[in-house]
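Reader: I have a structure open and would like to learn how to read it. Can we go feature by feature?

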Amino acid sequence: MYSSTILWFRNDLRLWDNVTLTEAIKKSRKVYPVYCLDPRQFAPTPLGYPKTGPFRAKFLLETLQDLRHHLQKIGSDLIIRQGLPEEIIPRLAKEWQVEAVFASKEITAEEVRVENQLETLLMAEKITFSLWWQSTLLHIEDIPWPVKNIPDIFTQFRKEAEKTTPVRPSLAPPTQMNSIEPIAAGSLPHLSALGLTPIAPNPKAIIPFAGGERMGRARLQEFLWDTDSLKNYKETRNDLRKPNGSSKLSAWLANGSLSPRTVYEEVKKYEKERHKNSSTYWLIFELLWRDYFKLMARKHGSKIFKLEGIQDKPLDLEDNMKSFLAWANGSTGIPFIDANMREMNATGYMSNRGRQNVASFLIKDLKVNWTWGASYFESMLIDYDVCSNWGNWNYIAGVGNDPRENRYFNIMSQARKYDPQGDYVRHWIPELAYLPGKKIHYPPELPTKELHQSGIRLGKSYPRPIVSFNRWLY
Ligand SMILES: Cc1cc2nc3c(=O)[nH]c(=O)nc-3n(C[C@H](O)[C@H](O)[C@H](O)COP(=O)(O)OP(=O)(O)OC[C@H]3O[C@@H](n4cnc5c(N)ncnc54)[C@H](O)[C@@H]3O)c2cc1C
C-alpha cells in the first residue's frame with residue numbers, strides 16, 4: 001500500500017470502468033488526480049493547422065469539467081496544470097512526496113516518448129511509475145498472439161479473437177475518494193488561452209456533441225434504449241443525415257470518457273432485453289476495428305505515420321498545396337467531396353462513408369500526399385484517435401491493412417448511392433440549395449481533366465471551386 005500516489009489522467013477521462021483509477025485507489029491511501037494540458041497538443045503542425053483544433057479542444061475542456069464535477073462529488077477534485085507532463089508530474093511528485101504515479105498506457109511514439117522520459121525521471125527519485133492498458137475492448141494480454149504476430153488482415157484477427165478472447169467485465173466507478181485539500185486544483189483555461197479561436201455551435205450539425213462522461217453515457221442511452229436505433233444500425237450506419245443512423249460515440253471513446261467495455265456490456269444487455277440481430281453484432285464488430293488499429297499501431301510503430309505506411313510501399317503522390325487546399329476547404333467543385341469536408345470544417349464530425357470518400361479522392365484522384373490529409377483530420381476531427389485515424393488513412397492509401405490491391409472509390413457512384421436526391425450536398429453547399437425544378441445530376445465519371453488543370457484561385461471564405469457547381473444542376 002502506497003501512502004500517496006498521483007493519478008495522471010490521459011485518454012481515460014472517466015470514472016466508470018477505469019482500471020488505472022481503480023488500482024490507484026486500491027493501492028494507495030491518498031490519490032491526487034492530475035491532468036496536464038500539454039501545449040504541444042495545441043501547437044501548429046508543419047501544415048499550419050493546430051494539432052488539436054477548436055472542436056476537439058472544446059470537447060476536451062467540457063470533458064475535464066465533467067470529470068472534475070464527478071471527482072468532486074466523491075470527495076476529490078481534478079488538479080489541472082498547463083505544461084509538459086514530463087516536467088509537471090515529477091515536480092508535483094516530489095512536492096507532494098508521493099510514492100507512485102499511475103497512468104494509462106498509450107501506444108504511439110509521441111505518447112510513449114513522454115512515458116519513457118517520465119519513467120527515467122521518476123526512477124531517479126525512487127518513485128514507482130505504473131502503466132495500465134485499458135483503451136481496447138479486448139485486453140492486449142488476452143489475445144492469442146504476441147503483438148508481433150497479430151495477423152495483418154482484419155478478418156483473420158477478428159475470427160480468431162472472437163473465438164478465443166472474452167471481454168473482461170467492466171469496473172464499477174469509485175464511490176469515495178480522499179480530499180486533495182489544501183492543493184489548489186487550478187482552473188480550466190478558455191480556448192483562446194490555448195491559442196484557438198472558439199467556433200459557435202453549428203445548427204446544421206448532425207448531433208450537438210458535448211464532452212464528458214455524463215454526455216457520453218447519455219448518448220449511449222439515447223442510441224440504444226430511448227430511440228431503439230441499434231436495432232437497425234447495420235442498415236442505417238451509412239446514412240449521411242440521420243442523427244441516429246450510427247452511434248456517434250466515437251468522440252467519447254476517443255478521449256476515454258466512455259470505455260469500449262461499457263458500450264459492449266450495454267449492447268449485450270440490449271440483446272437480452274430488446275433485440276439481438278446482425279445490427280447489434282455490427283456495433284461490436286466496429287469496436288473490434290477500433291481495437292485492431294490500436295494493435296496494428298503497437299505492432300508497426302511509427303510506420304503508420306509514413307507515406308509508405310506499414311507495408312513500406314512506395315507511392316507516387318505529390319506535395320501539391322493547391323489541390324490540398326481545395327480539398328481541405330471543401331472547394332474542389334465535386335459536391336459529394338466538398339459537402340463532407342464542409343461538414344467536418346463546420347462541426348468536427350464526418351461520417352465514416354464521407355471519410356472513406358474524401359480520403360480516397362485526395363489520394364487516388366488528386367494524387368496528393370495522404371499524410372497531409374491525415375494531419376488535417378487530426379486537427380479538425382472532434383473524435384480524432386491517433387490509431388484509428390492513421391490506420392484508416394494507411395488502409396485507404398493502399399499501404400495498410402486492406403488485403404485488396406488498389407481499391408478505388410468511384411465518387412460519382414458513391415454519391416448516387418448514398419445521396420441519391422442530393423439532400424446531403426444541398427445541406428452543406430449553399431450554391432446547391434434547392435432551386436425549383438433543378439435536380440442534382442451525377443455523371444458516370446469525375447471530370448478528372450478539369451480537376452487537374454492548374455489555376456485554382458483561392459478566395460476569402462471558400463476558394464472558387466475548380467469545377468463550377470452549376471454543372472451538377474439540371
Ligand atoms: C480516413 C478515416 C479516418 C478516420 N479517423 C478516425 C478517428 O480519428 N477517430 C475515430 O474514432 N474514427 C476514425 N475513423 C473511423 C470512423 O469513420 C469513425 O469511427 C466513425 O465514423 C465514427 O462515427 P460513429 O461513432 O457514429 O461510428 P459507428 O458506426 O457508430 O461505430 C461505432 C464505433 O466503432 C468505432 N469505429 C467505427 N468504424 C471504425 C473504423 N473504420 N476504424 C476504427 N474504429 C471504428 C468508433 O469508435 C465508433 O464510434 C476514420 C475513418 C476513416 C476512413
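Reader: How far is a nitrogen atom of the ligand from an N or O atom in the side chain of Asn389?

Author: This is a predicted model. For a polar contact, look for a pair of N or O atoms within 3.5 Å. Here the ligand nitrogen and the Asn389 side-chain atom are 3.3 Å apart. Glu286 also has a polar side-chain atom 3.1 Å from a nitrogen atom of the ligand. At Ser247, an N or O atom of the side chain is 2.6 Å from an oxygen atom of the ligand. The protein buries 96% of the 810 Å² that the ligand exposes when taken alone.

Reader: Which residues around the ligand come nearest?

Author: The shell holds 26 residues. Those that come nearest are Tyr233, Ser246, Ser247, Lys248 and Asn352. Sort the shell by class and you get 11 nonpolar, 9 polar and 6 charged residues.

Reader: Which helices each supply at least two residues of that shell?

Author: There are H8 (250-254), H10 (278-300), H13 (352-365) and H15 (386-397). H15 gives the largest share, 5 residues.

Reader: Why does the ligand lie between two domains?

Author: Check which domains give residues to the shell. Domain 2 (139-167 + 214-301) and domain 3 (311-472) both do, so the ligand lies between them. The chain also has a domain 1, covering 5-134.

Reader: How much area is buried between domain 1 and domain 3?

Author: The general idea comes before the number. Interface size is often given as the accessible area lost when the parts come together. Between domain 1 and domain 3, about 1,200 Å² is buried. Carbon and sulfur atoms give 64% of that area. On the domain 1 side, Leu47, Phe55 and Arg56 supply 51% of the area buried against domain 3, more than any other three residues. The C-alpha centres of these two domains lie 36 Å apart. Their contact takes 12 residues from domain 1 and 20 residues from domain 3.

Reader: Now the backbone. Which peptide bond is cis, with omega near 5°?

Author: Read the omega angle. The bond from Glu181 to Pro182 is the cis one. Pro182 sits in the loop between helix H5 (154-164) and helix H6 (213-226).

Reader: What about phi: is the value at Asp17 positive or negative?

Author: Positive, at about 50°, although Asp17 is not a glycine. To find Asp17, go to the loop between strand S1 (2-8) and helix H1 (19-27).

Definitions and conventions. Residues numbered from 1 in each chain as written. Predicted model: local features only at pLDDT ≥ 70, side-chain atom pairs only at ≥ 80, totals over all residues. Heavy atoms only, no water. Near = heavy atom within 4 Å. Polar contact = N/O pair within 3.5 Å; in protein donor to acceptor, adjacent residues only side chain to side chain. Areas by Shrake-Rupley, 256 points an atom, 1.4 Å probe, with all protein chains shown as cover. Helix = DSSP H or I, 4+ residues; strand = E, 2+ residues; numbered from the N terminus. Nonpolar A, V, L, I, M, F, W, Y, C, P; charged D, E, K, R; others polar. Domains from an automatic or database assignment. Contact = heavy atoms within 4.5 Å. Buried area = accessible area lost by both parts, 1.4 Å probe.
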